[in-house]
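Q: I'm new to this one. Please take me through it and tell me what each label rests on.

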Amino acid sequence: MLTTIGFDADDTLWQNEAFFRLTQERFATLLSRYADPLLLAQRLEAAERRNLGHYGFGVKGFTLSMIETAIEVTDARVPARLIGEIVAAGREMLEHPIELLPHVRATVTTLAADYRVLLITKGDLLDQERKLAQSGLGELFDGVEIVSDKTANSYRTIFARHGTGADQAMMVGNSLKSDVIPALAAGAWGVHVPHGATWALEAADPPQGHRRFHVIETLATLPALVESLKPGRNG
């Protein structure tokens, strides 16, 4: 029996990756005299991978990785003015208004009437708290968890603390790597809602043949999927 539904935040409830890509384009323009855009993108991605264990996920780590990449590609000759512009770009990302994705409020409201609904997200604590407050969705959730990373163990812990265990829980999100695969490993249902823009570090292959794995094109169809999973129903 399904009792608890967890929702990812970034690119599941509201736009996120699009702003990172716009900032990366701005970064490429700033460094255009020092590096080819493709090479710069490769160096930035490598820096982000290196730095995840140090800075975690989010805008602040991304900004520090851009600064590190700028120093690398200019052989430590990057002008202070450009460093200032990179910092300003990161600050603008932290101040950008929230843009809810389609059907979010209606879907969460519908499911909150019959299930415990949780927000489970990773990243910088202050930034994620800001986005949740601006979204206007906070009162709909029975619990909010902002974690450093999403693992099978973290899902087990969260669903035990806020619900009746992972085997009676569902995780919904746009990332196979973070939202679906570890949730399935914990024993929960995993529902993938693909987003047009997905960060390279979140890429993963879909689980094949897993009975608790589902894909929906939009959150509007999530209530129907949940209904189909009730005992005695097909699915």
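A: Let's start with "contact", which means heavy atoms within 4.5 Å. The model is predicted, so local features need pLDDT of at least 70 and side-chain atom pairs count only at pLDDT 80 or more, while totals for chains, interfaces and linings use all residues. Residues are numbered from 1 along each chain as its sequence is written, and side-chain values use heavy atoms, with hydrogens and water left out.

Q: Which residues is Arg 50 in contact with, leaving aside neighbours within four places in sequence?
A: Glu 68 and Glu 72. Arg 50 itself sits in helix α2, residues 37–55 (helices are DSSP runs of H or I with at least four residues, strands are E runs of at least two, and both are numbered from the N terminus).

Q: What makes the link between Arg 50 and Glu 68 a polar contact?
A: The side chains come to 2.4 Å. A polar contact is a pair of N or O atoms within 3.5 Å, where within protein one must be able to donate a hydrogen and the other to accept it, and residues adjacent in sequence count only if both atoms are side-chain atoms. So 2.4 Å passes the cut-off.

Q: Why is Arg 50 called partly exposed?
A: Its relative accessible area is 42%. Buried means under 20%, exposed over 50%, and partly exposed is in between (1.4 Å probe, protein chains only), so 42% lands in the middle class.

Q: What makes Thr 74 buried?
A: Its relative accessibility is 0%, so it counts as buried. Thr 74 lies in the loop between α3 (59–73) and α4 (80–95), where its side chain reaches the backbone oxygen of Ile 71 at 3.4 Å. Not counting residues up to four places away in sequence, Thr 74 touches Leu 31 and Tyr 34.

Q: Why is the pair of Phe 7 and Phe 141 called edge-to-face?
A: Rings of Phe, Tyr and Trp (its six-membered ring) pair if their centres lie within 6.5 Å; planes under 30 degrees apart count as stacked, over 60 as edge-to-face and the rest as tilted. Here the centres are 6.5 Å apart and the planes stand at 65°, so the pair is edge-to-face. Phe 7 is in strand β1 and Phe 141 in the loop between α6 and β3, so the pair ties together parts 134 residues apart in sequence. Phe 7 is buried at 0%, and Phe 141 is buried at 9%.

Q: And what makes Tyr 155 and Phe 159 stacked?
A: Their planes are 15° apart, with 6.0 Å centre to centre. Both are buried, and being four residues apart in helix α7 (residues 152–162), they are separated by about one helical turn.

Q: How do you know that β1 and β2 pair?
A: Four bridges join them, and they run parallel. The whole open sheet has six strands in the order β3-β2-β1-β4-β5-β6.

Q: Why do β3 and β6 count as edges?
A: Each has a single partner strand, so one side of each is left without a neighbour in the sheet.

Q: What makes a group of residues a nonpolar core?
A: The members are buried Ala, Val, Leu, Ile, Met, Phe, Trp, Tyr and Cys residues joined through side-chain atoms within 4.5 Å. The largest one here has 29 residues, and Phe 7, Leu 13 and Phe 141 are among those that touch the most other members. A second, separate core of 18 residues includes Val 59, Ile 67, Val 78 and Met 93.

How values were computed. Two strands pair if DSSP finds at least two bridges between them.
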